[in-house]
Amino acid sequence: MASQSPPLDALLVPSEDYHQSEYVSARDKRREFVSGFTGSAGYGPTADISCKQRSSLVIRMRIGEDPPLDVWMSDNLQKEAAIGIDPWCVSVDTAQRWERAFAKKNQKLVQTSTNLVDEIWKNRPPAEINPAVDHPLEFAGRSVAEKLKALREKLSSEKARGIIITALDEVAWLYNIRGSDVSYSPVVHAFAIVTLNSAFLYVDKRKVSSKVSSSLQANGIEVREYGAVSSDAAMLASNQLDQATGVNFGQNGVCQNDTCDNDLIWVDPASCCYALFSKLDANKVLLQQSPLALTKALKNPVELDGLKNAHIRDGAAVVQYLVWLDKQMQEIYGASGYFLEGEVTSKKIPETMKLTEVSVSDKLEGFRASKEHFRGLSFPTISSVGPNAAIIHYSPQAKTCAELDPNSIYLFDSGAQYLDGTTDITRTVHFGKPSAHEKACYTSVLKGHIALGNARFPNGTNGYSLDILARIPLWRYGLDYRHGTGHGIGSYLNVHEGPHQISFRPQARNVPLQVSMTVTDAEVITNRIRKFLFPEPGYYEDGNFGIRLENVLVIKEADTEFNFGDKGYLSFEHITWAPYQIKLIDLSILTPEEIQWLNRYHSKCREILAPYLDKNEMEWLKKATEPKLSAKWFGVARLENSNWWMNLPKLTIAGLAD
């Protein structure tokens, strides 16, 4: 830092790689290396702020609770300070926001020519040469030629002559390729540039087999070395890239001659790195969300069928896991189990038999791995017991994780990558005797989960407008959660996919929900008590817990009696199949409609998963999904094979509720 020109007063080390990825490869975990922080999001700023603090002091701050990073840096650094960044690891949006914040005190954002962390990282993991593979049309549903044609039509309509694509999932989706360069996401480290007349893939050529190369060439895509994207971006800016390739203008049927008035370069400010943006003429850049983000989110019929099939197999794996775990908790820990609420029979357990958060999550992965088209997990499994379940992105480690406890809630949030789809599901269970408070919290979460999943809404509605539906049952008790409610999910791609979302955050207003989008329906309660002990930010008290329920939904057209304003109405279809634990539900809190929904959903679970389960597993599932009635309204707990209700006076649902 001191040897730079000008010398740097601070260096910002983000979590992201050159593509602004959520998950990064081992060699791109620079923030973790420099700070030791292994969390899912954050920055590792290194600064000499001797005027206010000792430079060796580590200050941990919470995103969303403490002041934003740029505000804190500006306040704590002297005027005219030089703040360094690697422009390859920072998006255009972020860099420009920081520049505005630092300008208030004449502080300057300085782009370093190399990554300074890499220079001191002696044992940095080497780059892996993992092969890129074709993603067959039987899973992709649309050919590369179709996708390129649609993209070029969009470029032309926006007066753009080219686009720089940096998001790894967009490159993979556009060119129908997949890889294994990043854990949990089947992508290849690559950039793409597409013009009205040509297309390029920038990738380590050692990853591209002759078969993949032939497929790309057949679609008019030229493969170039990964590092060449920098010089080619400059050539694109000066309108020399097409000429350098020798392509004929108009060969793709969009621009018919070399006098096209399209003169803009399309760049997504949220995903394009500042380094490539800096190669362009800022006055001729279209800073706008990538057109591929929405197109990719609108699943075609083949992708939808694949996602539904993947979730069926995944649901079977989850049920098999619950059957196994239920038996283990009873046999090893003397728990009453998934169905009963008896006291735990204490046992002395040998170390070799103990179940931990990591050992049971490995077992869950094993059940998934036995399923057709399995390719790996879609994110690190959140396998969490008791207070650990209150940590939203908790990541158990083998050496420090907790042992399973039959007297505590157990939450597992997990998913997998299959060739035909990506999955994400959360269930919360208890193998002992849950408290009345735990039941009330679980039921409130379930009510919000049902309310959102049953929503009907007009075309043009965004996720910001629907987010409240999931929270109202929680607000009634003064409860809430600090994250969004739902995210899109990829088709054998990223488990978190935009551009739409269901959230209280303003960006959820940007994109309306549309037919064939996928979105998760995830509600959570974290019941925790925090004690502030400097310098540690806090810890969770024994006996506290977290509850989360999550399904994947597909948006479809709703069959409504009326159609006010001729807008058309939409609804959700559940494609996740796994039971909710009846033992954790306080049926007296549910309305008749909610109980009816629960019974209907459980009936579908039995029907859909039956072909994938053996006799023992199916018997367990039948018991877990037995239909229920609430004693609050009907004076009975189960619906038997009788017609007693036919003799009751005719009542409306509202009357029954009263």
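Okay, let's start inside: Arg313 is buried, and Asp420 is buried too, where buried means under 20% relative accessible area, exposed means over 50%, and partly exposed is in between (1.4 Å probe, protein chains only). The side chains of Arg313 and Asp420 meet in a salt bridge at 2.7 Å, N to O. By salt bridge I mean a side-chain nitrogen of Lys or Arg within 4 Å of a carboxyl oxygen of Asp or Glu. This pair links distant parts of the chain, 107 residues apart: Arg313 sits in helix H13, and Asp420 in the loop between strand S16 (416-418) and strand S17 (421-422). Helices (H or I, at least four residues) and strands (E, at least two) are DSSP runs, numbered from the N terminus.

A quick word on what we're looking at. This is a predicted model, so local features need pLDDT of at least 70 and side-chain atom pairs count only at pLDDT 80 or more, while totals for chains, interfaces and linings use all residues. Residues are numbered from 1 along each chain as its sequence is written, and side-chain values use heavy atoms, with hydrogens and water left out.

Back to the charges. Side chains of opposite charge can pair when their charged atoms come close. How many salt bridges does the count come to? It comes to 28.

Take Lys299 and Glu497, whose closest N and O atoms are 2.6 Å apart in a salt bridge. Here the partners are 198 residues apart, with Lys299 in the loop between helix H12 (291-297) and helix H13 (301-333), and Glu497 in strand S21 (residues 497-502). Lys299 counts as buried because its relative accessibility is 4%, and Glu497 is buried because its relative accessible area is 3%.

Now Asp70 and Arg97: their side chains form a salt bridge at 3.9 Å, N to O. They are 27 residues apart, Asp70 in helix H2 (residues 69-76) and Arg97 in helix H3 (residues 92-103). Are these two buried or partly exposed? Asp70 is buried, at 9% relative accessible area, but Arg97 is partly exposed, at 37%. There's also a network of salt bridges that links Asp28, Arg30, Asp118 and Arg124.

On to the sheets. 6 strands form an open sheet with mixed pairing, in the order S10-S9-S8-S6-S11-S12; two strands pair if DSSP finds at least two bridges between them. Strand S10 (221-224) and strand S12 (285-287) are the edges, each pairing on one side only. From one strand to the next, the twist averages 20 degrees.

Within that sheet, strand S6 (residues 160-165) and strand S11 (residues 264-267) run parallel, joined by 4 bridges. One to find on screen: Gly162 has Ile265 in S11 as its bridge partner. Packing on the sheet is helix H6 (residues 144-157), which touches S6, strand S8 (191-195), strand S9 (199-202), S10 and S11; contact means heavy atoms within 4.5 Å. The direction of H6 makes about 125 degrees with that of S6, with axes as lines fitted to C-alpha atoms, for helices over the stretch in contact, and angles from 0 to 180 degrees between N-to-C directions.

Last stop, strand S23 (residues 545-557). How many of its 13 residues are buried? 11 are, so S23 is mostly covered. S23 runs antiparallel to strand S24 (residues 569-574), with 5 bridges between them. Leu553, for instance, has His574 in S24 as its bridge partner.
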